[in-house]
Amino acid sequence: MSPAAKLVPTWVRIIAGLVTLLNLAYGLSGYFAPAGILPGLGADTAASLNAAYIFSARNVAIGIALGIVSLRGVPESIAIVMIIRFLVEAQDLVLSIIAGNPLTALLMPIVFIAVELTIIVTMFKIVGERDKH
């Protein structure tokens with residue numbers, strides 16, 4: 001384990017691991033049940049299936065990347081992937097608000113955004129403290 005990896009708190013690795021599993025499960029489920037991950041999307045046209053598969057691929061890719069950086073434990077890498085997740089999640093939240101989704105549908109993205117921001121800030125603090133020495 002690298003010296004930088006030893007600085008990453010266990011809770012960050014656990015949460016990042018859980019988010020990894022959620023990303024992978026959600027993404028993979030989209031390949032098998034596209035309408036289940038994008039309610040209202042009919043799987044009756046090539047275009048709608050393609051949209052669901054692109055959405056699924058995005059989640060699988062982010063899940064794989066997050067899993068790799070969580071295992072490696074380098075704070076900068078964890079921060080970068082969490083920033084990507086944050087940006088994707090923030091865009092999804094804005095689009096959900098624009099679509100007029102109810103507050104209950106917005107709670108999950110808000111929770112993920114809060115978790116991601118907490119991890120990002122924590123990783124930046126670790127890097128800042130490490131670089132002081």
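A crossing of two helices is called left-handed if the near helix is turned anticlockwise from the far one by less than a right angle, and right-handed if clockwise. In this predicted model, local features need pLDDT of at least 70, side-chain atom pairs count only at pLDDT 80 or more, and totals for chains, interfaces and linings use all residues. Residues are numbered from 1 along each chain as its sequence is written, and side-chain values use heavy atoms, leaving out hydrogens and water.

Helices here are DSSP runs (H or I, at least four residues), numbered from the N terminus. Helix H3 takes in residues 46–72, and its 27 residues reach 39 Å from the first C-alpha to the last, close to the 39 Å expected at 1.5 Å a residue (the expected span being 1.5 Å times one less than the number of residues). After H3 comes Gly-73, with a positive phi near 80 degrees.

How do H1 and H3 meet, and at what angle do their axes cross? The axes (lines fitted to C-alpha atoms over the stretch in contact, with angles from 0 to 180 degrees between N-to-C directions) come within 7 Å and cross at roughly 155 degrees. H1 and H3 are therefore roughly antiparallel (over 145 degrees), and H1 passes H3 in a left-handed crossing.

Helix H5 (residues 103–132) has 30 residues and reaches 43 Å, close to the expected 44 Å. Its buried residues include Phe-112, Glu-116 and Met-123, and H1 and H4 are among what covers them.

Note on methods:
Helices (H or I, at least four residues) and strands (E, at least two) are DSSP runs, numbered from the N terminus. Angles under 35 degrees count as roughly parallel, over 145 as roughly antiparallel, 65 to 115 as roughly perpendicular and the rest as oblique. Buried means under 20% relative accessible area, exposed over 50%, partly exposed in between (1.4 Å probe, protein chains only). Contact means heavy atoms within 4.5 Å.
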